[in-house]
Amino acid sequence: MATREELEALPTPELYDRATKRAKHHADVRFFWRLLQAMPAAEASVGHLEQAEDDVQSIYGHINDLKTAREGEVAENLRPIYIDYLEKHSKG
């Protein structure tokens, strides 16, 4: 079980991999829905305004964004979601 400090020290791609692996294994649709809801704001905060606007308009855009939620500036803005999720589910 990882502590919050240990999770904070991990690179974002590792956080993404751990969180999505756990969510897939447990069929945790709520995690993916939360991630999809956060994507437009994360994109807009790094200047991807057109992409964020498109995502608000299209569920396909959201699903496609999960491919880019692992690395880059947008992924960095999603770190708190990964950390909170992993921390919550590392407690027995």
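The legends below describe close-up views of a predicted model of one protein chain.

**Figure 1. Overview of the helices in the predicted model.** The chain contains six helices and zero strands. Read from the N terminus, its elements follow the order α-α-α-α-α-α. The chain has 92 residues, and 39% of them count as buried. Among contacts between residues at least 6 apart in sequence, 71% join residues at least 24 apart.

**Figure 2. The crossing of helices α2 and α6.** Helix α2 spans residues 12–25, and helix α6 spans residues 73–90. Their axes come within 9 Å and cross at roughly 45 degrees. Helix α2 is therefore oblique to α6. The crossing in which α2 passes α6 is left-handed. On the α2 side, the contact is made by Thr12, Leu15, Tyr16, Arg18, Ala19, Arg22 and Ala23. On the α6 side, the residues are Ala75, Glu76, Arg79, Tyr82, Ile83, Tyr85, Leu86 and His89. Sorted by class, this contact of α2 with α6 holds nine nonpolar, two polar and four charged residues.

**Figure 3. The crossing of helices α3 and α6.** Helix α3 is formed by residues 29–45. The axes of α3 and α6 come within 8 Å and cross at roughly 150 degrees. An angle over 145 degrees counts as roughly antiparallel, so α3 is roughly antiparallel to α6. The two helices, α3 and α6, form a right-handed crossing. From α3, the residues that take part are Phe31, Arg34, Leu35, Ala38, Met39, Ala42, Glu43 and Ser45. They meet Val74, Asn77, Leu78, Ile81, Tyr82, Asp84 and Tyr85 of α6. By class, the contact of α3 with α6 comprises 10 nonpolar, two polar and three charged residues.

**Figure 4. The largest nonpolar core.** This core has 22 residues. Which of its members touch the most other members? They are Leu15, Phe31, Leu35, Ala69, Leu78 and Tyr82. The elements α2, α3 and α6 each give two or more residues to this core. When neighbours within four places in sequence are left aside, Leu15 is in contact with Leu7, Leu10, Arg79, Tyr82, Ile83 and Leu86.

Figure 5. Thr12 lies in helix α2. Is Thr12 buried or exposed? Its relative accessible area is 2%, and Thr12 is therefore buried. Apart from neighbours within four places in sequence, the residues in contact with Thr12 are Arg70, Ala75, Glu76, Arg79 and Tyr82. Among these partners, Ala75, Glu76, Arg79 and Tyr82 also belong to the α6 side of the contact between α2 and α6.

**Figure 6. Leu7 and Glu8 in helix α1.** Helix α1 consists of residues 4–9 and includes Leu7. Glu8 is also found in helix α1. Leu7 has a relative accessible area of 1% and is buried, whereas Glu8, at 39%, is partly exposed. Not counting residues up to four places away in sequence, Leu7 touches Ala2, Leu15, Arg18, Arg79, Ile83, Leu86 and Glu87. With neighbours within four places likewise left aside, Glu8 is in contact with Arg79 and Ile83. How far apart are Leu7 and Glu87 in sequence and in space? They are separated by 80 residues in sequence, but their C-alpha atoms are 7.7 Å apart. Glu8 and Tyr82 are 74 residues apart in sequence, with 9.8 Å between their C-alpha atoms.

**Figure 7. Ala27 in the loop between α2 and α3.** The view shows Ala27, which is placed in the loop that joins α2 and α3. Most residues other than glycine have a negative phi. Ala27 has a positive phi of about 50 degrees, although it is not a glycine. With a relative accessible area of 60%, Ala27 is exposed.

How values were computed. Residues numbered from 1 in each chain as written. Predicted model: local features only at pLDDT ≥ 70, side-chain atom pairs only at ≥ 80, totals over all residues. Heavy atoms only, no water. Axes fitted to C-alpha atoms, helices over the stretch in contact; angles between N-to-C directions. Helix = DSSP H or I, 4+ residues; strand = E, 2+ residues; numbered from the N terminus. Parallel < 35°, antiparallel > 145°, perpendicular 65-115°, else oblique. Left-handed = near helix turned anticlockwise from the far one by under 90°. Contact = heavy atoms within 4.5 Å. Nonpolar A, V, L, I, M, F, W, Y, C, P; charged D, E, K, R; others polar. Buried < 20%, exposed > 50% of the residue type's maximum accessible area, 1.4 Å probe, protein only. Core = buried A, V, L, I, M, F, W, Y, C linked by side-chain atoms within 4.5 Å.
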